[in-house]
Amino acid sequence: MKKGIFAVVFVFIIVATSAAFSYRVLSESNAKAQELGFMGSTGWQWHNEASRLQIKYVEGDLPALRKVAQDKHYASLVTIDSEGIFRGFIFFDADCEPGSIITNAYDSRTASGEKQQVLHCLQGKLVSMKTWASAPNTVWEGKVGDYEFRVFLSEWDFTPLQRAYLKSTAQLI
């Protein structure tokens, strides 16, 4: 009789453990899929899943890298243009009216030469933009009104953007 109870308890423990593990795996898989489709965007795939860095290839365009913030309030995106300039965008998950902008209050008497930060409404979302002459290796951060971001670009691998740019400018001899 004790062997029967032991067997039932053992089977129950195995089934419960398997169910918990399966639930965790499915939850993580669903969260990753939602991250790839953040803010309704499509075509993204993992460039480096461990660091949550995504990449998107579009026929006829240079690729883009993106990372969704842990709090899911914004996504940071970096592209490279046909001149080799890196362009950064912060897309906030906040709807806006086309053409609207948000700026910080600016007092020219205390300005230290720092540019005023602005959020533009692009494709119905608030966006902050910046450019770099070479691959950024810095912390990009800002606060405009109630919108704040902090992106550790030094943790990003810009190799796919640089390779695509070099390939696009290569000429046969």
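1. Helix α2 and what it packs on. The buried residues of α2 pack against β1 (45-48), β2 (53-56), β3, β4 and β5 (86-95). This is a predicted model. Helix α2 covers residues 159-169, and its buried residues are Pro160, Leu161, Ala164 and Tyr165. Viewed down the axis of α2, these buried residues fall within an arc of 135°, so they line one face of the helix. On the other side of α2 sit Arg163, Leu166 and Lys167, which are exposed.

2. The open sheet is built from 8 strands in the order β1-β2-β3-β4-β5-β8-β7-β6, with antiparallel pairing. Its edge strands are β1 and β6, and each of them pairs on one side only. Neighbouring strands of the sheet are turned by 30° against each other on average, direction ignored. Helix α2 packs on the sheet, and its direction makes about 30° with that of β4.

3. The β3-β4 pair. These two strands pair in the antiparallel sense over 5 bridges. The loop between β3 (64-68) and β4 (74-80) holds Lys72. Phi of Lys72 is near 60°, a positive value in a residue other than glycine. Most residues other than glycine have a negative phi. Is Lys72 buried, exposed or partly exposed? Its relative accessibility is 38%, so Lys72 counts as partly exposed.

4. The β7-β8 hairpin. Strands β7 and β8 pair in the antiparallel sense over 3 bridges. His120 has Val127, in β8, as its bridge partner. The hairpin has 2 residues between the strands, and Gln123 takes a positive phi near 50° there. Gln123 is not a glycine. Its place is in the loop between β7 (118-122) and β8 (125-132). Gln123 is exposed, with a relative accessible area of 80%.

5. Strand β7 and its other partner. Strands β6 and β7 run antiparallel and are joined by 3 bridges. Thr103 has Val118, in β7, as its bridge partner.

6. The disulfide. How many disulfides does a search of the whole structure find? The search finds 1. Cys96 and Cys121 form a disulfide, with their sulfur atoms 2.0 Å apart. The link of Cys96 and Cys121 is right-handed, with 90° about the S-S bond. Cys96 lies in the loop between β5 and β6 (101-103) and Cys121 in strand β7, so the pair ties together parts that are 25 residues apart in sequence. Both Cys96 and Cys121 are buried. In general terms, a disulfide is a covalent bond between the sulfur atoms of two cysteines.

7. The main core. The largest nonpolar core has 25 residues. Phe92, Leu153, Trp156 and Phe158 have the most contacts inside this core. Two or more residues of this core come from each of β2, β4, β5, β7, β8, β9 (139-144), β10 (147-152) and α2. The largest share, 4 residues, comes from β5.

8. Trp156 and the second core. Which residues does Trp156 contact, leaving aside its neighbours within four places in sequence? Trp156 is in contact with Leu53, Leu65, Arg66, Lys67, Ser76, Leu77, Val78 and Val151. There is also a second, separate core of 7 residues. This second core includes Leu36, Trp44, Leu77 and Phe91. Leu77 is worth a look, as a contact of Trp156 and a member of the second core.

Definitions and conventions: Residues are numbered from 1 along each chain as its sequence is written. This is a predicted model: local features need pLDDT of at least 70, side-chain atom pairs count only at pLDDT 80 or more; totals for chains, interfaces and linings use all residues. Side-chain values use heavy atoms; hydrogens and water are left out. Buried means under 20% relative accessible area, exposed over 50%, partly exposed in between (1.4 Å probe, protein chains only). The arc is that of the directions from the helix axis to the C-beta atoms. Contact means heavy atoms within 4.5 Å. A disulfide is a pair of cysteine sulfur atoms within 2.5 Å. Two strands pair if DSSP finds at least two bridges between them. A nonpolar core is a set of buried Ala, Val, Leu, Ile, Met, Phe, Trp, Tyr and Cys residues joined through side-chain atoms within 4.5 Å. Axes are lines fitted to C-alpha atoms, for helices over the stretch in contact, and angles run from 0 to 180 degrees between N-to-C directions.
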